[in-house]
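Keep the viewer open as you read.

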Amino acid sequence: GQVFSRCPSLLDEGWFVGLGDNNGKSEITLANLGTATAVADVYWWSTLGPVEGDNSVGITIRPGRTTTIKIGDHVPGEDVVAAQIVRRRQQVSAIALSSDKENQGTELVLPQTELSPKIMLAGLPNAGSTVLSLFNPHDETVLVKARGIRANGSFDIQGLEEIAVKPYSTVRVAVPTKAKLGGHAIELFADKPIAA
C-alpha cells in the first residue's frame, strides 16, 4: 500500500526513535528544499548504546532533491534504533519509514524536533499492540513515567510507573492491553529531556 504524510518542517536538529532494520525495509529520507547543496550529519544509537564508526557524517543532498538512508546499512540487525539528524547547511527536512519485524507493519514517522522531559503521544491505534520506544541521550540513567489519558481523565499505567532507560541507549516497552488506551493518548514524564 501507499503511505502519505504532511510535508515535514525544516529542522536544525531532529530525532527519530524506534526505527528497525527489518531486512533493509526501514529508511530515513532527507530532503533539500534550498537552492544549494545541503549537508547533514546522522548519529545512531541502539539498545546497546552509541553506534561507533559509522559513515553518516557529511551527507550531501543536491538542491531540490532527496537522499535516502537505509537503517540496515548503518545499524544492521537492530530493532530499536534512535537517529539524530543535524543540519549543517541549507534547508533540510527529514522523514522516516519504519518497518516493524514483529507486527509486519510499516509506519511513517516525523522527527521530534527537540528533546523534552514531557512528551504527549496521541492517536494510539484502536486495535493491536502498542509499544513505546524511548531514547536517553544523557550519561546517566533516566527514569520515565507513563500516564494514560482518556476522556474521563488521566491515570498511571500499571507497570510503566518507572521505566529506566540506560545512558546513551534506547529501550522498547510494551503498553499493557488492560490499560485500554486504543484511540486515546499517553503522556510521558522523564527526569531529563528524552526522545520518544
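**A walk through the strands and loops**

Gln90 sits in the loop that links strand E7 to strand E8 (92-100); helices (H or I, at least four residues) and strands (E, at least two) are DSSP runs, numbered from the N terminus. This is a predicted model, in which local features need pLDDT of at least 70, side-chain atom pairs count only at pLDDT 80 or more, and totals for chains, interfaces and linings use all residues. Residues are numbered from 1 along each chain as its sequence is written, and side-chain values use heavy atoms, with hydrogens and water left out.

Most residues other than glycine have a negative phi. Gln90 counts as partly exposed, because its relative accessibility is 24%; buried means under 20% relative accessible area, exposed over 50%, and partly exposed in between (1.4 Å probe, protein chains only). Lys180 also has a positive phi, about 50°, although it is not a glycine. You will find Lys180 in the loop between strand E15 (169-175) and strand E16 (185-194), and at 61% relative accessibility it counts as exposed.

Back to E7, which covers residues 81-89. Strand E1 (residues 13-19) pairs with E7 in the antiparallel sense over six bridges, where pairing requires that DSSP finds at least two bridges between two strands. Within this pair, Glu13 stands opposite Val86. Strand E3 (residues 38-46) is antiparallel to E7 too, with seven bridges, and here Trp45 has Ala82 as its bridge partner.

Now look at another loop, the one between strand E11 (130-136) and strand E12 (142-150), where Pro137 is found. Pro137 has a relative accessible area of 18%, so it is buried. Leaving aside residues up to four places away in sequence, Pro137 touches Leu115, Tyr168, Pro193 and Ile194; contact means heavy atoms within 4.5 Å. Pro137 and Lys166 are 29 residues apart in sequence, with their C-alpha atoms 9.2 Å apart.

Finally, step back to the whole chain. The protein chain has one helix and 16 strands, and 42% of its 196 residues count as buried. Among contacts with a separation of 6 or more, 77% are between residues 24 or more positions apart. The C-alpha atoms fill a box of roughly 50 × 40 × 30 Å along the principal axes.
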